[in-house]
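Please look through the sequence and the model shown here.

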Amino acid sequence: MRRTGTTRRGALTATGALALGAVLTGCGDDDESQGRNGPVRTEAEAVRVEKALRTAAARTAALTLAHYDLAAEAHPALAEGLAPLRTAVREHAKALSAGAGKAAAPPAPGPVSADARAAVKELAAAERRRADYHAEALLTAEPELARLLASVAAAAAVHAYLLTELAKETAS
């Protein structure tokens, strides 16, 4: 009986072809690809856009940080579980505010639910909003800032997942 399906040799050949294609696609003139992917900005415009993006991103992180503080204050039993995530958000805010203009204080995140499980779910929703904001900001960011925003968006998405799981384990 003849074997069907993927063989080891076929899989290795396909992987090698994909890797070669990826390498060859990456080789090209940066000036040409920059013009095709979006508008070319002057240096002053690029600095202004980066400063505005960093300021808004830092404000979003500060708002999320304030939400963590309110949740931990309202539900002291959650404070220990939220501490590592809060610390990460504080570091994100610090990294994003480097090179940003003077940011206005973010508005207060609002009241925290009296129910601990609901408060954690609210935090998860805030982290999802933060991840979405940073992912959207990637579209207009310069490469260096885009890498930072991508990392922070990924971390916020992970925080949202962890908080969702924590909410399942939290007693009402």
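**Helix packing and selected residues**

The axes of H4 and H5 come within 13 Å of each other and cross at roughly 20 degrees. Axes here are lines fitted to C-alpha atoms, for helices over the stretch in contact, and angles run from 0 to 180 degrees between N-to-C directions. H4 and H5 are therefore roughly parallel to each other; the term covers angles under 35 degrees, while over 145 counts as roughly antiparallel, 65 to 115 as roughly perpendicular and the rest as oblique. Their crossing is left-handed, meaning that the near helix is turned anticlockwise from the far one by less than a right angle (clockwise would be right-handed). On the H4 side, Leu78, Leu82, Val89, His92 and Leu96 meet Ala116, Val120, Leu123, Glu127, Arg130 and His134 of H5, where contact means heavy atoms within 4.5 Å. The residues of this contact divide into 7 nonpolar, 2 polar and 2 charged. In this division Ala, Val, Leu, Ile, Met, Phe, Trp, Tyr, Cys and Pro count as nonpolar, Asp, Glu, Lys and Arg as charged, and the others, Gly among them, as polar.

This is a predicted model, in which local features need pLDDT of at least 70 and side-chain atom pairs count only at pLDDT 80 or more, while totals for chains, interfaces and linings use all residues. Residues are numbered from 1 along each chain as its sequence is written, and side-chain values use heavy atoms, with hydrogens and water left out.

The secondary structure of the chain comes to 6 helices and 0 strands; helices (H or I, at least four residues) and strands (E, at least two) are DSSP runs, numbered from the N terminus. Read along the sequence, the pattern is α-α-α-α-α-α. Of the 172 residues, 28% count as buried, that is, under 20% relative accessible area, with exposed over 50% and partly exposed in between (1.4 Å probe, protein chains only). Among contacts with a separation of 6 or more, 81% are between residues 24 or more positions apart.

Two packed helices are described by the angle between their axes and the distance between the axes. H5 (residues 116-137) also packs against H3, at an angle of about 170 degrees and with the axes 10 Å apart. H3 and H5 are therefore roughly antiparallel to each other. H3 contributes Leu53, Ala56, Ala57, Thr60, Ala61, Thr64, His67, Tyr68 and Ala71 to the contact, and H5 contributes Glu122, Leu123, Ala126, Glu127, Arg130, Tyr133, His134 and Ala137. By class, the residues of the contact of H3 with H5 are 10 nonpolar, 4 polar and 3 charged.

A further partner of H5 is H6 (residues 143-169): the axes of H5 and H6 come within 8 Å and cross at roughly 160 degrees. H5 and H6 are therefore roughly antiparallel to each other. H5 passes H6 in a left-handed crossing. Among the residues that meet are Val120, Leu123 and Ala124 in H5, and Leu149, Val152 and Ala153 in H6. The contact of H5 with H6 divides into 15 nonpolar, 3 polar and 6 charged residues.

Which residues does Ala71 touch, not counting those up to four places away in sequence? Ala71 touches Leu82, Val112 and Leu123. Ala71 lies in helix H3 and, at 0% relative accessibility, counts as buried. Ala71 and Ala116 are 45 residues apart in sequence, and their C-alpha atoms are 8.2 Å apart in space.

His75 is found in the loop between helix H3 (43-74) and helix H4 (76-97). His75 is buried, with a relative accessible area of 9%. Beyond its neighbours within four places in sequence, His75 is in contact with Val112, Ser113, Ala114, Asp115, Ala116 and Ala119. A polar atom of the His75 side chain lies 2.8 Å from the backbone oxygen of Ser113.

Leu85 lies in helix H4 and counts as buried at 11% relative accessibility. Leaving aside neighbours within four places in sequence, Leu85 is in contact with Tyr68, His159, Leu162 and Leu163. Leu85 and Val158 are 73 residues apart in sequence and 9.8 Å apart in space, C-alpha to C-alpha.

Is Ala98, at 44% relative accessibility, buried or partly exposed? Ala98 counts as partly exposed. Its place is in the loop between H4 and H5. The C-alpha atoms of Ala98 and Ala58, 40 residues apart along the chain, are separated by 9.0 Å.

How values were computed: Polar contact = N/O pair within 3.5 Å; in protein donor to acceptor, adjacent residues only side chain to side chain.
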